[in-house]
Amino acid sequence: MAAVAHRRPVSVVGTGTMGQGIAQVALVAGHPVRLYDAAPGRSGEAVSAVTARLDRMVEKGRLERAERDAAVERLTAVDDLAGLAGSALVVEAVLEDAAVKRQLFADLEKVVADDCLLATNTSSLAVTEIAGALRMPGRFVGLHFFNPAPLLPLVEVVSGYATDPAAADLAYDTARAWGKTPVRCSDTPGFIVNRIARPFYAEAFRLHEERAAGAATIDAVLRGSGGFRMGPFELTDLIGQDVNEAVTRSVWDAFFHDPKFTPSLAQHRLVQAGRLGRKSGHGWFPYGDGAAAPEPGTRAPCEAPREVVVHGDLGPAAALAGMLREAGVEVHAGRGDGVGEIEVPGGARLFLAGTGPRDGSAAGAVRFDLALDYGSCTRVALAPAGGNGESGLRAAVGLFQLLGKEVSVIADVPGMVVARTVAMLIDLALDAEARGVASLQDIDTAMRLGVNYPAGPGEWCTRVGAGWALGVLRELHEEHPGGRYAPSRALRVRAGDTEDGS
């Protein structure tokens, strides 16, 4: 199906930051655009604001002056809904209140023609609920842009229970014609991004509550080892703790308090205390004049052993053997099967998170966290198991420092930092795919473009293997029974293990 024709008008209802951004996108794509806001005079102010946005594009060389002038000619403010008659597409970007949106679209149906596509930009409400009272719910879709709409490429195209496939196709093709990268998803709580992203925040906050490591250290490990652009503590301080908690609570409520989406008590206490992040001057970290930058825990230099023995298959960490050789360490081949480990002189054994013993035989073990790429990562977390002497830990620290990595030492908790986060992301993504929420390809695209993940969950799964992710979650589930870490059937099937291990 073709996109909405350029000659056809596109209307935007709601002229806040998001509404203005969507209007700008449609204008630059060549449509006549009409702006409406229920607040008197607001639509006229929005026309001026969008014009100023176009002027800045000209100044930055991203838009020709003639194109700007033509776009301004196509931009119109209207004083009532009747002014939207003749629109081919109406996108709503008003208050996140289902009752308000339902009434708006009911009123719009009395104005626009039957072939007009109706879309909501909601990020948290059910598309199905908003469309429920419409005379023609089949033409209603979610068209969820990310802020700032003119800059971020991702658009989630959401089909409600009654959405006609042709309407979803039209919305998808229109978003693509506007230069966006659309992904398709069904009407599920949080859609793709806000559903799949929950473990990135939740696991970090859980680690903090368990006193496994400090907030700055967890952030540094997820950045330096996991490849994430920002850690969850600094990111939620930027977003606003109240905003982030509200999204988490909305998804949790919508899933009828599924333990996989349980909010963080520590974050809730921040919100109660008014420590909302940068906007309030204090969140997880302090801000403002004189505030010290958060410092992660980093071990002082240690001497690396001159030789190691590599046993078994190191799995996702297999590259370490070659890296150690290149760094001048004599690497001997040990037993060829079983759980992979790196043995250092003195008997200390290094295991990748999610592998190795967790019982009395773990004495002398040091676990190291997962990395997106051990070659390029800048930091690795280590965790000494019970009974491990300082000499074994120092040898492990020295090995990773020899490879050019900073080292953070954390408590020995199942899954460590990156490993448990990635395993949970993989599990939620595979479960969402199995439930028809979205294809794994679209999930990966959404997570890379919507929240700047270094890899989508499907790509992570290919890198580390579903069997490894399953092992991490089973280890966590044994330590914390109750459902939060129970592996999904989709993950167990992907790992070739359909036995009920939950």
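Leu350 has Val366 of β13 as its bridge partner. Strand β12 (residues 349–352) and β13 run parallel and share 4 bridges; two strands count as paired if DSSP finds at least two bridges between them. Strands (E, at least two residues) and helices (H or I, at least four) are DSSP runs, numbered from the N terminus. The model is predicted: local features need pLDDT of at least 70, side-chain atom pairs count only at pLDDT 80 or more, and totals for chains, interfaces and linings use all residues. Residues are numbered from 1 along each chain as its sequence is written, and side-chain values use heavy atoms, with hydrogens and water left out.

**Strand β13 and Arg367**

- On its other pairing, β13 runs antiparallel to strand β14 (residues 379–384), with 3 bridges between them.
- Val366 has Pro384 as its bridge partner in β14, while Arg367 stands opposite Ala383 of that strand.
- In a regular strand, side chains alternate between the two faces of the sheet.
- Both faces of β13 are covered, with Ala365 and Arg367 buried on one side and Val366 and Phe368 buried on the other; buried means under 20% relative accessible area, exposed over 50%, and partly exposed in between, with a 1.4 Å probe and protein chains only.
- Arg367 belongs to β13 (residues 365–368), and its relative accessible area is 1%.
- The side chains of Arg367 and Asp412 are joined by a polar contact of 3.1 Å. Such a contact is a pair of N or O atoms within 3.5 Å; within protein, one must be able to donate a hydrogen and the other to accept it, and residues adjacent in sequence count only if both atoms are side-chain atoms.
- A polar atom of the Arg367 side chain also lies 3.2 Å from the backbone oxygen of Thr355.

**The sheet of 7 strands**

- β13 is part of an open sheet with the order β10-β9-β11-β12-β13-β14-β15 and mixed pairing.
- The edges are formed by β10 (330–333) and β15 (406–409); each has a single partner strand, so one side of each is left without a neighbour in the sheet.
- From one strand to the next, the twist averages 30 degrees. Axes are lines fitted to C-alpha atoms, for helices over the stretch in contact, and angles run from 0 to 180 degrees between N-to-C directions.

- Helix α9 (residues 215–224) lies across β14 and β15, at about 125 degrees to β14.
- Of the 10 residues of α9, 9 are buried, so the helix is largely enclosed by the rest of the structure.
- Among these buried residues are Ala215, Ile218, Asp219, Leu222 and Gly224.
- The buried residues of α9 pack against α8, α10 (232–239), β14, β15 and α15, where contact means heavy atoms within 4.5 Å.

**Helices α8 and α11**

- The axes of helix α8 (residues 198–209) and helix α11 (residues 241–254) come within 11 Å and cross at roughly 110 degrees.
- The two helices, α8 and α11, are therefore roughly perpendicular to each other; angles of 65 to 115 degrees count as such, those under 35 as roughly parallel, those over 145 as roughly antiparallel and the rest as oblique.
- Arg198, Tyr201 and Phe205 of α8 meet Asn244, Val247, Thr248 and Val251 of α11.
- By class, this contact of α8 with α11 has 4 nonpolar, 2 polar and 1 charged residues. Ala, Val, Leu, Ile, Met, Phe, Trp, Tyr, Cys and Pro count as nonpolar, Asp, Glu, Lys and Arg as charged, and the others, Gly among them, as polar.

**Leu428 in helix α15**

- Leu428 is a residue of helix α15 (residues 418–434) and is buried, with a relative accessible area of 5%.
- Not counting residues up to four places away in sequence, Leu428 touches Arg195, Ile196, Pro199, Lys260 and Phe261.
- Leu428 and Ala490 are 62 residues apart along the chain, and their C-alpha atoms are separated by 9.2 Å.

**The sheet of 8 strands**

- A further open sheet has the order β3-β2-β1-β4-β5-β6-β7-β8, with mixed pairing.
- Its edge strands, β3 (75–77) and β8 (181–186), each pair on one side only.
- Strand β1 (residues 10–13) runs parallel to strand β2 (residues 33–36), joined by 4 bridges, and Val12 has Leu35 as its bridge partner in β2.
- Helix α2 (residues 42–59) lies across β2 and β3, at about 155 degrees to β3.
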